[in-house]
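Have the model open while you go through them.

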Amino acid sequence: MAIAFTFPGQGSQAVGMGKELAENFAEARAVFEEVDDALGQKLSDVMWNGPEETLTLTANAQPALMAVSVAVMRVLEARGLNLADKVSYVAGHSLGEYSALCAARTFSLSDTARLLRIRGNAMQAAVPVGEGAMAAIIGLEHGDVDAICSQAAADGVCQIANDNGGGQLVISGSKAPVEKAAALASEKGAKRAIMLPVSAPFHSALMAPAAEAMREALANVSKKSPVVPVIANVRAAPVSDADEIARLLVEQVTGQVRWRETVEWFAANDVTTLYEIGSGKVLTGLARRIDKTVNGVAVGTPADIDAALATLLG
């Protein structure tokens, strides 16, 4: 009967996120102020007031989502939650892995914000706009999509970027091969094959320059072993060594986010509840589709925090 905390990734951002937390909790306000200071930018103003297209920029969305997640964590902890006592594992979807590691004390908050700003900028700069693409493939199994990507990759990079479970996979790479793979997926019986409105081909080999940028950034940042193990995206298994965590974060930039396998690992290792810490309910919805024995609970608002504390500390 174990509990895990999960942390959302890009796509969960929304204008206004975190504002209610800041209005209600001094601990949350302190998080947003520290992130603003670390970045030398009033990111909190963008988060609360938009415009949406500015918040959605990769270099803003990544530290912003992390800030909301850590704000929720700091409020929970100020009200008596001890992560190491109550929670067995943490995990995060893509950038959410950094939020998880900040929550588990591997990185400081300021360093996490700066790492995500570097990551966002490096991912954006790795491929000229228009040369890369991503597509969501709904209704095919992992093996089928992998085979389609291999077929399309004759013309360039095409690989699975995210395995989100419930028959939802995201592919990434060079524009023409990804478009070809999406067409092949439709021919093979996919319910939907949708080109995504993204600014870069995340989690593909084309992100190699960004991986190198992260290798350098992570080598120069202070890091500790997490207070609870993190389930790494690219391994879908627990990791506790700080240096190994850094290596896997570099690998994650070009590698696959194995979220379906992560939730399946939780289910196989007696985790009964996944608390999604931060903005939105994307991971809670995915958990429901992947394994119905795992209960998902979104914790992003003051009311959510009260309800979670009543259960966790009750």
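1. Naming first: helices (H or I, at least four residues) and strands (E, at least two) are DSSP runs, numbered from the N terminus. This is a predicted model, where local features need pLDDT of at least 70 and side-chain atom pairs count only at pLDDT 80 or more, while totals for chains, interfaces and linings use all residues. Residues are numbered from 1 along each chain as its sequence is written, and side-chain values use heavy atoms, with hydrogens and water left out.

2. Let's start with the cavity. On a 1 Å grid over the protein atoms alone, a cavity is a set of points where a 1.4 Å probe fits but cannot get out; lining residues have an atom within 4 Å of a point. Searching the whole structure turns up one cavity of 30 Å³ or more, and the largest cavity comes out at about 40 Å³. Volume here is the space filled by probe spheres set on the points, with grid points joined across faces, edges and corners.

3. What lines the largest cavity? The residues are Thr6, Trp259, Val263, Leu274, Glu276, Leu283, Thr284, Ala287 and Gly296. H13, strand S9 (271-277) and H14 each put in at least two of the lining residues, and H14 gives the most, with three. By class there are five nonpolar, three polar and one charged (Ala, Val, Leu, Ile, Met, Phe, Trp, Tyr, Cys and Pro count as nonpolar, Asp, Glu, Lys and Arg as charged, and the others, Gly among them, as polar).

4. H13 and H14 also pack on each other. Helix H13 (residues 259-268) meets H14 at an angle of about 70°, with the axes 10 Å apart. That makes H13 roughly perpendicular to H14 (65 to 115 degrees; under 35 is roughly parallel, over 145 roughly antiparallel and the rest oblique). Axes are lines fitted to C-alpha atoms, for helices over the stretch in contact, and angles run from 0 to 180 degrees between N-to-C directions.

5. On the H13 side of this pair sit Trp259, Arg260, Val263 and Glu264, against Leu283, Leu286, Ala287 and Ile290 in H14 (contact means heavy atoms within 4.5 Å). Six of these residues are nonpolar, none polar and two charged.

6. The other pair is helix H2 (residues 26-39) with H8, packed at about 50° with axes 9 Å apart. That makes H2 oblique to H8. From H2 the contact uses Val31, Glu34, Val35, Ala38 and Leu39, and from H8 Leu109, Ser110, Ala113, Arg114 and Arg117. By class, that is six nonpolar, one polar and three charged residues.

7. Now the open space. A pocket is an open set of points with protein on both sides within 12 Å along at least five of seven lines. The largest pocket holds about 750 Å³ and has 30 lining residues, with Gln10, Gly11, Asn162, Leu196 and Val198 nearest its centre. Among the elements supplying at least two lining residues each are helix H8 (109-125) and helix H14 (282-290). The lining splits into 13 nonpolar, 16 polar and one charged.

8. The second largest pocket has about 170 Å³ of space. Its lining has 16 residues, and Gly278, Ser279, Gly280, Gly300 and Thr301 are the closest to its centre. Helix H1 (19-24) and helix H15 (302-312) each supply at least two residues, with the largest share, three, from H1. The classes here are five nonpolar, seven polar and four charged.
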